[in-house]
Amino acid sequence: MDSADRVENVWGARTPHERGTAWPVRVDQELAVAEAEVDRWVQSACVLCSNGCACDIAVKDGRMVGVRGRAVDRINHGRLGPKGLYASWQWSDQDRLTQPLIRTAEGLRPASWDEAMDRIVEESKKRHPLQHGFYTSGQLFLEEYYTLGVIGKAGLGTPHMDGNTRLCTATAGASLKETFGSDGQPGSYEDIESCDALFLFGHNLAATQTVLWARVLDRVEGPDTPAIVVVDPRDTPTARMAERTGGVHLAPLPGTNLALMNGLIHELIEHGHVDEEYVARHTIGYDELVAAVAAYEPKQVAEICGVNAVDVQRAAEIFGTSERVLSTVLQGFYQSHQATAAACQVNNLHLLRGLIGKPGCGVLQMNGQPTAENTRECGADGDLPGFRNWANQHHIDELSTLWNVDPLKIPHWAPPTHAMQLWRYVEQGSIDFLWISATNPAVSLPELPRIRDILDRDGLFLVVQDGFLTETAEHADVVLPAALWGEKQGTFTNASRTVHLSDQAVDPPGEARSDLDIFLDYARRMDFRDKDGQPLIGWSTPEEAFEAWKECSRGRPCDYSGLTYDALRGGSGIPWPCTDDNPEGTDRLYPDSVFPTDSYVCEDFGHDLLTGGSTTPEQYKATEPAGRAFLKAATFQQPPEWISSGYPLIATTGRSPYHFHTRTKTGRSRKLRQAEPSVWVELSAADAADLGIAEGDRVRVESERGWMEGPARIGRVRPGVVFVPFHFGYWDSTDRGRTAANEFTLTEWDPVSKQPLYKVAAVRVRPSG
């Protein structure tokens, strides 16, 4: 048992081991009572990052009083991070929403469930389906997403459904579809135990997935240290580990990732590090890729990115000569310029060397949220359930048969509405019924002055479903009190495709209901029916919803058909695909290098990486992929916003190891509030000196769109760049001025994934007066 203070020692005690051996067990625990006083332990998994660490919830007298890691689980082997230990349950009895609220001329007032739901249904029924928009989360359970997806796509028939996963992991799904034909992580966390080199592309692993970083540290402390290569403009603990392991820290200017990736591929090709036989048998597009990267010699890459040419060469050499390479990708790529194009080049590196589907050889296009994978699988966002293809009529027919609805009811006449477009439709008034569940766009979306105006728009009927009265809920016409983690039952899937069951530990407070029960109540009151006049939603419990989802996933790449609640209870999480013939699940995808790219299977027919233009079904079929992966290429273009005399710095936003998203849970943890009480502004020593700013000075960061303020921290980021954590909104603010980073970010998005560009905002910094 590791009882170290996880604020002082974020990653806990080391358990080093040799390459190819199992990660040792270390059980972490935090209790508000003596262990002997715990009445019972209830199985769950942490929802405060995308790692998916299994845990047990301690219950005493009907209250959650602690948590401990599950030693038997494949994901964390008993460990929990600071957020899991200190913020997974401590919020449970703090200022919760306990009954519905309805807006009147005087403000929000308490209401009954019947009054609140009658108001929602009345407003819904008076509108056309295309006037409805649903904006959800990466925090709900699989059963809730699937129910919401069926309601939207087969009940109402609206394409206007997306989630805040568009802000953090849309590029993960998009890049996997573009390269491999379908979403789904090829790699496994267990590849950390086997790799010779670890590449972290825009992924500050030490902060975003602290337990996964502990897993890396235990390899680093062992006898066969992998070389670590980090791409990040900041000098983070992750980046500092690169030098220690004989790797490289590349700190490119934000917005130039694609140029760097093209340079790495150029070097692999130039120095003969390509498995030509593998490429010929298993890929399409090699000649086009060679031509696209021909101009990206190390010198040119250095000039574009502001890095050292020798470092580019060294990083490429490590990738080209290591026997087993694992790559992870996250927000530094996903939320930046040419996001999908850059992420696809990570896939390309692995395909060029044939390093996929084998122990130690994998790609993890990571998630930022614990259940982001489920939004993409279940169709609560812009995807169709079961990784089906909007442009494939056979896939539409499969769903219409499954749901027993007319195929024309399922909106598929055009690409689905992504979140950034959904909000624009609300701004324009064509969507005037917006239902937000378990997310806080009044802090998390870019260009917050614009978002506040949209939320207050005349004629918009806004429903917000949450556990707390968030900054967004303050704008709502109806607020629905939702049960949170530990207060309801369901399953969720982490970034490595591993499914966990979370059993209900305690009752929700007051009249709060599970999100599943709320969606089911809406469907019943709306009287959604199938073609035979039967209720469209045929389930009433989480387990029944899970069984319905299994049938939807059967035969698809994300096949859950072999999973049951009983199989998930008592042991470890299980990675999909999991079938009756493969009940233990699947560690790695594509061990035979046969990819789901055939036109009758693939989830998407692909796009032009520069423009986002869709490939037609006819064009796609003409390529005859036959199970081969695509080596997609693109040339670097300058970001839509860049430095100028008026705004001479590039601002980028990111995360802290102590907080999650907009702090609705972590901000209510005493230990985490003490560790990171408020926002800060990170500057290089050189830029701070030029501006006359010292450590702790209060500064203002300004863009053309807005501004925020905070104390300066000096010397942790490369010159020319400003870093601001995005967690800090206003629900608990005692700070003067504005503290949300998204006051200054811009409303631009990647042409393929439609993910917004939080990492490239032109700003100026000055002392605040």
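A polar contact is a pair of N or O atoms within 3.5 Å; within protein, one atom must be able to donate a hydrogen and the other to accept it, and residues adjacent in sequence count only if both atoms are side-chain atoms. This is a predicted model, in which local features need pLDDT of at least 70 and side-chain atom pairs count only at pLDDT 80 or more, while totals for chains, interfaces and linings use all residues. Residues are numbered from 1 along each chain as its sequence is written, and side-chain values use heavy atoms, with hydrogens and water left out.

I begin with T491. The side chains of T491 and E143 are joined by a polar contact of 2.8 Å. T491 belongs to strand β18, residues 490–493 (strands are DSSP runs of E, at least two residues, and helices are runs of H or I, at least four, numbered from the N terminus). Its relative accessible area is 0%, so T491 is buried (under 20%; exposed means over 50%, with partly exposed in between, for a 1.4 Å probe and protein chains only).

Which residues of α11 are buried? They are L289, A292 and V293. These residues lie on the same side of α11 because they cover an arc of only 85° around the axis, the arc being that of the directions from the helix axis to the C-beta atoms. D287 and A291, on the other side of α11, are exposed. Among the elements covering the buried residues are α9 (257–270) and α15 (339–353).

Key:
Contact = heavy atoms within 4.5 Å.
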